[in-house]
Amino acid sequence: MREKIFVTGANGQLGRDLIHELSSRGTECIASDIQESFAGEESCEYVQLDITNHEAVDEAMKRVKPSRVIHCAAWTAVDAAEDESNRSKVHAINAEGTENIARSCSDIDAVMTYISTDYIFDGTGVRAWQPEDESYAPLNYYGQTKLEGELAVKKFVPNFFIVRIAWVFGPNGNNFVKTMLKLSKTHETLRVVNDQIGTPTYTPDLSRLLADMNETSKFGIYHATNEGGFISWYDFACEIFRQAGKNINVIPVSTSEYGLSKAKRPFNSRLDKSKLKASGFEPLPDWRDALRRYLEINGTD
């Protein structure tokens, strides 16, 4: 049977690349988001949907009847999630919204893919987090709500993929690369933290993996960032400016020296990705190569 894949958050940084990847494979896909129309160029069916509305989710799923759902929709503004005025909305989207999708997937017997995050862990130590680790202790409200989303998927969906990612960047939307390049126009010197360690995730590469996964039944929890080893944000910034040909003085500083943000950030965002290869999935390319491709598309200005 030909797969029909429903993608939530289709107007987001990952969602747009995922729709492009699925469409390029000839997969029947339905784009969905809360906005009135799809922001991408692909001519696919679009369903306007507020995932926090259980009745609307239930109606849409039963009408479209997808065989698989890739749930990219989320509140991702980590610092803003700490504001008391935003917390009910953050919870409604990341936790309750995910549960609405999960319950509907169960009702129509659809496979669900949930995009999660390293933020569900406490961010301590130096050991890379394993997919099966359950030592959850989110440092901030965003992480807590994403963890609640994971638990809802596990509770309601028999066949699922949970894919944890970190340090996301891509051609669409705001990200660290875009921020660094913007700051380089007005600053000759930049201070960047060097004690938060992880690996970037490039959305076109992740989209390829998610599409690959959804051609299989190798369900479970996976970690997926680009290859190339573990680095700091300082290392990432230095490579951005090197590849962009910009002579910026980057000063490494500790998180405490940099100054506190509203939301606590994990020091250890290392994710062990060996399960991907063990399951027969092609790992994501080196993050340096991903950065090169990003700059080719978006430029260095």
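1. Helix axes here are lines fitted to C-alpha atoms over the stretch in contact, with angles taken between N-to-C directions. On that basis, in this predicted model, the axes of helix 7 (residues 233-244) and helix 10 (residues 287-298) come within 10 Å and cross at roughly 45°. The crossing of helix 7 past helix 10 is right-handed.

2. On the helix 7 side, this contact involves Asp235, Phe236, Glu239, Ile240, Gln243 and Ala244. Helix 10 contributes Trp287, Arg288, Leu291, Arg292 and Leu295. Sorted by class, the contact of helix 7 with helix 10 holds 6 nonpolar, 1 polar and 4 charged residues.

3. From helix 1, the residues making the contact are Gln13, Leu14, Asp17, Leu18, Glu21 and Leu22. Their counterparts in helix 6 are Thr203, Pro204, Leu206, Ser207, Arg208, Leu210 and Ala211. By class, the contact of helix 1 with helix 6 comprises 7 nonpolar, 3 polar and 3 charged residues.

4. In soluble globular proteins, nonpolar side chains tend to be buried together. The largest nonpolar core in this model has 33 residues, and Phe6, Ile101 and Met112 have the most contacts inside it. At least two residues of this core come from each of helix 2 (54-64), helix 3 (84-108), strand 5 (111-117), helix 4 (141-156) and strand 6 (160-165). Another core, of 31 residues, lies apart from it and includes Ile120, Ala166, Met180 and Trp233.

5. Which residues does Phe6 touch, leaving aside its neighbours within four places in sequence? Phe6 is in contact with Ile30, Ser32, Val47, Leu49, Met61, Val64, Pro66, Arg68, Val69 and Ile70.

6. Thr189 is found in strand 8 (residues 189-193). Is Thr189 buried, exposed or partly exposed? Its relative accessibility is 38%, so Thr189 counts as partly exposed, the cut-offs being under 20% for buried and over 50% for exposed. Beyond its neighbours within four places in sequence, Thr189 is in contact with Asn249 and Ile251. Thr189 and Glu3 are 186 residues apart along the chain, and their C-alpha atoms are separated by 50 Å.

Methods: Residues are numbered from 1 along each chain as its sequence is written. This is a predicted model: local features need pLDDT of at least 70, side-chain atom pairs count only at pLDDT 80 or more; totals for chains, interfaces and linings use all residues. Side-chain values use heavy atoms; hydrogens and water are left out. A nonpolar core is a set of buried Ala, Val, Leu, Ile, Met, Phe, Trp, Tyr and Cys residues joined through side-chain atoms within 4.5 Å. Buried means under 20% relative accessible area, exposed over 50%, partly exposed in between (1.4 Å probe, protein chains only). Helices (H or I, at least four residues) and strands (E, at least two) are DSSP runs, numbered from the N terminus. Contact means heavy atoms within 4.5 Å. Ala, Val, Leu, Ile, Met, Phe, Trp, Tyr, Cys and Pro count as nonpolar, Asp, Glu, Lys and Arg as charged, and the others, Gly among them, as polar. Axes are lines fitted to C-alpha atoms, for helices over the stretch in contact, and angles run from 0 to 180 degrees between N-to-C directions. A crossing is left-handed if the near helix is turned anticlockwise from the far one by less than a right angle, and right-handed if clockwise.
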